[in-house]
Amino acid sequence: MISFEGKVAAITGAGNGIGLAAARLMAAHGARLALADLDGARLQEVAAELDPGGQRVLARALDVADPAACDRLMAEAAAHFGGLDHLVHCAGIYPEKLVKDTSDEAWRKLMAVNLDGTFYVCRAAQPHLRDGGSVVLMTSLAAQRGSYAHAAYAASKGAVQSFTRSLALELAPAIRVNAVAPGIIATSMTSDLIGQKGAQLLESTPLRRFGTAGEIAGAIAFLCSPLAGFVTGEVMQVNGGIYIA
Ligand code: NAP
């Protein structure tokens, strides 16, 4: 039911977890991809897996906290493929620290990657997005209900939700802008959390399991597809019921 034939998607955080799952799913449904992540070597492996012929995937190392690098990457991707249809921004960090132990530098780093990076990537992609395209950003359960020892992360994701709604107003009617708010998804980002509090988290999750990166990729693909053609400014909860608004 979903086809991305003829479409081009730029995906950040594509070397791991949710971004990698989104890249696999969108490639399987015909998308050509511009993939970005901190670790360029890992991305080359992903590109070789998804595109053995080397024609359909452009893979580049990128620090999303570097605005000039974001501008360069989106311009290169648009020139390479003739434009962009989708931006899927999955890069992010999730350091554990109580507020009283959070240094100015740690706070700034978190905001630089999770919040500034979201702004830089969206601003860089916007001039290249073709009409009918869409943006999908990543927020979190943490933005809805708080997260112990992750206040900076939760604050950054709350801001991403507000940014999503505002950018949706700016880019309408040509481009739709939405966000996904995952619950507890089993990726490298949550391995410590699941190790420490897994039983308690399962107990408070009505579906009694953690989500998979592929399930978040499914929500991303839906939001990019014509099936979500009347959806914009939305924050989609994909969380097994751990938070029901
Ligand atoms: P992940 O497996 O850790 O993947 C995140 C990717 O982002 C990694 O490849 C990481 O690279 C990359 N990255 C980190 N800093 C970057 C930077 N400055 N520039 C470019 N790339 C950078 O995490 P995930 O679980 O897939 O999370 C994806 C998104 O979903 C994040 O925004 C996260 O906050 C959100 N989310 C996840 C969950 C969950 O339960 N997993 C829940 C709610 C929201 P390195 O590995 O090299 O650092």
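1. Let's start with asparagine 178, whose side chain reaches the backbone nitrogen of glutamate 234 at 2.9 Å. That is a polar contact, meaning a pair of N or O atoms within 3.5 Å; within protein, one must be able to donate a hydrogen and the other to accept it, and residues adjacent in sequence count only if both atoms are side-chain atoms. Asparagine 178 belongs to strand β6, residues 176–182. Helices (H or I, at least four residues) and strands (E, at least two) are DSSP runs, numbered from the N terminus. Asparagine 178 counts as buried because its relative accessibility is 0%. Buried means under 20% relative accessible area, exposed over 50%, and partly exposed in between (1.4 Å probe, protein chains only).

2. A word on the background: this is a predicted model, where local features need pLDDT of at least 70 and side-chain atom pairs count only at pLDDT 80 or more, while totals for chains, interfaces and linings use all residues. Residues are numbered from 1 along each chain as its sequence is written, and side-chain values use heavy atoms, with hydrogens and water left out.

3. Now have a look at the ligand. Its shell has 27 residues, and the closest are Ile18, Asp37, Tyr153, Ile185 and Thr187.

4. A polar backbone atom of leucine 62 lies 3.3 Å from a ligand nitrogen.

5. Alanine 149 has a phi of about 65° and sits in the loop between α5 (141–145) and α6. At 10% relative accessibility, alanine 149 is buried. Arginine 208 has a phi near 60° and is found in the loop between α7 (191–203) and α8 (213–224). With a relative accessible area of 49%, arginine 208 is partly exposed.

6. Is the peptide bond from alanine 172 to proline 173 cis or trans? It is cis, with omega near 0°. Proline 173 is in the loop between α6 and β6.

7. Finally, alanine 124 lies in helix α4, residues 104–125, and is buried at 4% relative accessibility. Alanine 124 and proline 67 are 57 residues apart in sequence, yet their C-alpha atoms are 8.0 Å apart in space.

How values were computed. Near = heavy atom within 4 Å.
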